[in-house]
Amino acid sequence: MSPQPNQEKMFSCGLELADVVLNSDLLQRSLKAIQKLNDDPTKKNIRASSCAYKAYNDDQNKCEIIAFGCEFERVSSVLSPTTELCPPEFKFLQTRDNTFSINEVAITLFRSLLQDLDLFQRLKNPSKLLIVTGHSLGGWVASLFCLWLLENINQSNRNIPICITFGSPLVGDDGLRKSIHNRSGWNPRFLHIVSDSDLIPRTFLSSTTNNTKNSYKPFGTFLMCSPSGSSCFNDSDSVLSLLAVTGCSELLSLMDYRKLLEDLTNQIFVTKGDSQLHELRDPLRAGLILQLDAIGDKRMQEEDTLISAMEKRERTSYDKHKNAISNSEKKLNDVKTDMANLEWYKKICSTKVKIGYYDCYKMKHWEMDIKAVVFKKKLTKYWKDVVDDAERKVVPLGTRLLGGGTNYRRMVEPLDIAVYYKEGNRNYRTQGRSRHFKLLQTWLEEEERVAGHKRNSNTREKAATLTEDSCFWADVEEAMILTKSLKNGEAVGGPEESPIEQLQEFEDYVMRLIDNLAVTPEIFLKESTFTLWWNEYKNIPQRNRRSLLATFMENERYQKYI
């Protein structure tokens, strides 16, 4: 079989990935940690419904390994295909259009760990690389514990956990697989080692192949092993097919896995399928045949239907990924266009209308203001989706995307503020601010804290084109409300600060922004809300006439502020 005339050539790298994994030393270190746990005499006293664990510091490799385990003799007696729908401990995986189920026994074992709150709290902020591992049922718990960590680990922490299991049963249904795939960067954190002779990973295949309501589906990467070789597979349906056509009724111990992997590490793989490969011009199909040849089952080599199905799934997955990238690039281009349109709108408002884009948008007197509403709406939808997706990740937005989000926030949030106060509302910062704006600001402040300096603040020589504090106009509106109340004799002192004290604090705040060139010059336009506020405020008898802002404004130094 060869590729179609216009079909893009593809390759399979399962053999190369398997070689990298086997030679990385991660597997042997994980096996060693599990063996230490098994040798611990206190483990023998655990109940059938609970799980033991032990943490080991690997100072040489600067990592911490958490090994989970249950008594081997109890495995066959406790395995049951019964599942629990959307366990509350993993509600974070549920979405409006996707529910999931997890094996009931696996959840019970995981819940037995919840009594040790110190473990969960400490590992929310690991100080080094974290490897979570387990054999057989211990691998079940390791998978669930790693999922919990991926959701609960501090977002600023870069020590994202890796899960490695040996001979572990499947843990949940297709809904669980979809939920993990939908979380960016989560699926690659799981590596499952499966021998062709181990019964336990194949325990729930009967319910899966019969298409029952709670069919089990794998997630993560599977390193399929046999004495003749090994290969990695990522596609869940391919993994299920391979589990079904390999294996026997043996229960492999931890030592069996240790010996198998040691032998494979020292083995030189020689393909047996050369004659078949010479006839192929399709590198993907040739690669799949080599992978099946490596794990050494003749039935698979001769099963053309299996190879064709795997090839089709690989191509379908590749096409979906390619289309997703194409759609993402189109969205990003649309976002750039919409931002450019808003920047042009801002420029026209300042240079032609002479009142600034904040006040233009607030009044909406011209057709261009209506077009700006459309640009703002599209940008807001895009960035809300980006923030929502980033919130589900362990690590927040990357530096470049966070930079784009910061520009968006500083450009668009003032327009939200304009609408908010136009409708007669108050206290935008505490009552009206969108959550995605708050998160974008929080992530920026966290990045600046880690870097030790603020973006652009140390290098700015000209006034900002966008005011650094995206809530600036909300403070201007609050100052205007307080000033009018004082002027009309309506304002009264609050329990903490009087209105005049709040206005003096606002003066200091504005002056700090001016000194740091962190506010855009358009706030000084003659008809801007800020200038209107100052014209009201300067006539208030109670104000401090010697304040820095008063000197700046009364001496018209703002005319040189560029």
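# Chat on the predicted model

User: What gives the most to the lining of the second largest pocket?

Analyst: The leading contributor to that lining is α20, with seven residues. Helices such as this are DSSP runs of H or I with at least four residues, strands are runs of E with at least two, and both are numbered from the N terminus. Please note that this is a predicted model, in which local features need pLDDT of at least 70, side-chain atom pairs count only at pLDDT 80 or more, and totals for chains, interfaces and linings use all residues. Residues are numbered from 1 along each chain as its sequence is written, and side-chain values use heavy atoms, with hydrogens and water left out.

User: How much space lies in that second largest pocket, and which residues are closest to its centre?

Analyst: The second largest pocket holds about 430 Å³ of space. It is lined by 18 residues, and those closest to its centre are Asn427, Asp475, Glu478, Leu482 and Gln502. The search uses a 1 Å grid over the protein atoms alone: a pocket is an open set of points with protein on both sides within 12 Å along at least five of seven lines, a cavity is a set where a 1.4 Å probe fits but cannot get out, and lining residues have an atom within 4 Å of a point. Grid points are joined across faces, edges and corners, and the volume is the space filled by probe spheres set on the points.

User: Which elements each supply at least two residues of that lining, and how does it divide by residue type?

Analyst: α18, α20 and α21 each supply at least two residues. By type, the lining of this pocket has nine nonpolar, four polar and five charged residues. Here Ala, Val, Leu, Ile, Met, Phe, Trp, Tyr, Cys and Pro count as nonpolar, Asp, Glu, Lys and Arg as charged, and the others, Gly among them, as polar.

User: Back to α21, then. What should the helix span?

Analyst: Helix α21 covers residues 499-515, and its 17 residues should span 24 Å at 1.5 Å a residue. The expected span is 1.5 Å times one less than the number of residues. The end C-alpha atoms of α21 are 24 Å apart, which agrees.

User: Which residues of α21 are buried, and what covers them?

Analyst: The buried residues of α21 include Pro499, Ile500, Leu503, Phe506 and Glu507, and also Tyr509, Val510, Met511, Leu513 and Ile514. Buried means under 20% relative accessible area, exposed over 50%, and partly exposed in between, with a 1.4 Å probe and protein chains only. Among the elements covering these residues are α18 (428-432), α20 (472-487), α22 (529-537) and α23 (548-554). Just after α21, leucine 517 takes a positive phi of about 55°.

User: Where do cysteine 86 and glutamate 556 lie?

Analyst: Cysteine 86 is in the loop between β3 (83-85) and β4 (101-103), and glutamate 556 is in the segment after α23. Cysteine 86 has a phi near 45°, a positive value in a residue other than glycine. Glutamate 556 also has a positive phi, near 55°.

User: Changing topic, what pairs with strand β5?

Analyst: Strand β2 (residues 63-69) is joined to β5 by six bridges, and the two run parallel. Five bridges, also parallel, join β5 to strand β6 (residues 162-166). Two strands pair if DSSP finds at least two bridges between them. Phenylalanine 68 has glycine 134 in β5 as its bridge partner, while isoleucine 131 is partnered by isoleucine 162 in β6.

User: And how many residues of β5 and β6 are buried?

Analyst: In β5 (residues 129-135), six of the seven residues are buried. In β6, four of the five are buried, so the strand is largely enclosed by the rest of the structure. β6 also pairs in the parallel sense with strand β7 (residues 190-195) over four bridges, and cysteine 163 stands opposite phenylalanine 190 in β7.

User: How many cavities of 30 Å³ or more are there?

Analyst: There are three. The largest cavity has a volume of about 110 Å³. Of its 13 lining residues, the closest to its centre are Pro169, Leu170, Val171, His192 and Phe222. Helix α6 (residues 137-152) gives the most to this lining, with three residues.

User: Finally, how many helices and strands has the chain?

Analyst: The chain has 23 helices and nine strands. Of its 562 residues, 50% count as buried. Among contacts (heavy atoms within 4.5 Å) between residues at least 6 apart in sequence, 74% join residues at least 24 apart.
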